[in-house]
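Reader: Can you walk me through this one? Keep it brisk.
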Amino acid sequence: QVQLAESGGGVVQPGGSLRLSCVASGITDPIYVMRWHRQAPGKQRELVAAIAAIGSTNYAEFAKGRFIVSGNNALDTVYLQMNNLSIEDTAVYFCHAVIGRSAGDYSSAWGQGTQVTVSS
């Protein structure tokens, strides 16, 4: 069974940085894309950044220029470097894997999330 485990969350002051990690286990098929999402209290879950097996990345507008997503070739270990954090970045951050060899065969897995709190 696929499991994703996030770590690296915590409390940081505005302007500070955090590095989140996501480790996948129980993977038997290739990871097609790994995404980071976040959910703030009272808000919908939103996409933060993604990294694909081919190496391409994309970011939400609020993440561009501040966040960097990276990972190993297999994408079973992925990071989200977050810089110049603001109070609005306070949320639970989740990693999400899309797994499979072809479009008709993809499955999805989510981690439990890691809390990021930006506070002075």
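Author: Start with Glu-6: the backbone nitrogen of Gly-113 lies 2.8 Å from a polar atom of its side chain. The Glu-6 side chain also reaches the backbone nitrogen of Gln-112, at 3.1 Å. A polar contact here is a pair of N or O atoms within 3.5 Å; within protein, one must be able to donate a hydrogen and the other to accept it, and residues adjacent in sequence count only if both atoms are side-chain atoms.

Reader: What kind of model is this?
Author: It is predicted: local features need pLDDT of at least 70, side-chain atom pairs count only at pLDDT 80 or more, and totals for chains, interfaces and linings use all residues. Residues are numbered from 1 along each chain as its sequence is written, and side-chain values use heavy atoms, with hydrogens and water left out.

Reader: Is Glu-6 buried or exposed, and which side chain of opposite charge is nearest?
Author: Glu-6 is buried (under 20% relative accessible area, 1.4 Å probe, protein chains only). Glu-6 has no salt bridge (a side-chain nitrogen of Lys or Arg within 4 Å of a carboxyl oxygen of Asp or Glu). Arg-45 is the nearest side chain of opposite charge, 7.6 Å away. Lys and Arg count as positive, Asp and Glu as negative; His and the chain ends are not counted.

Reader: Switching to E11. Which side chains point where?
Author: Strand E11 spans residues 114-118 (strands are DSSP runs of at least two residues, numbered from the N terminus). Thr-114, Val-116 and Val-118 point to one face and are buried.

Reader: Which residue stands opposite Val-116?
Author: Ala-91.

Key: Buried < 20%, exposed > 50% of the residue type's maximum accessible area, 1.4 Å probe, protein only. Helix = DSSP H or I, 4+ residues; strand = E, 2+ residues; numbered from the N terminus. Pairing = 2+ DSSP bridges.
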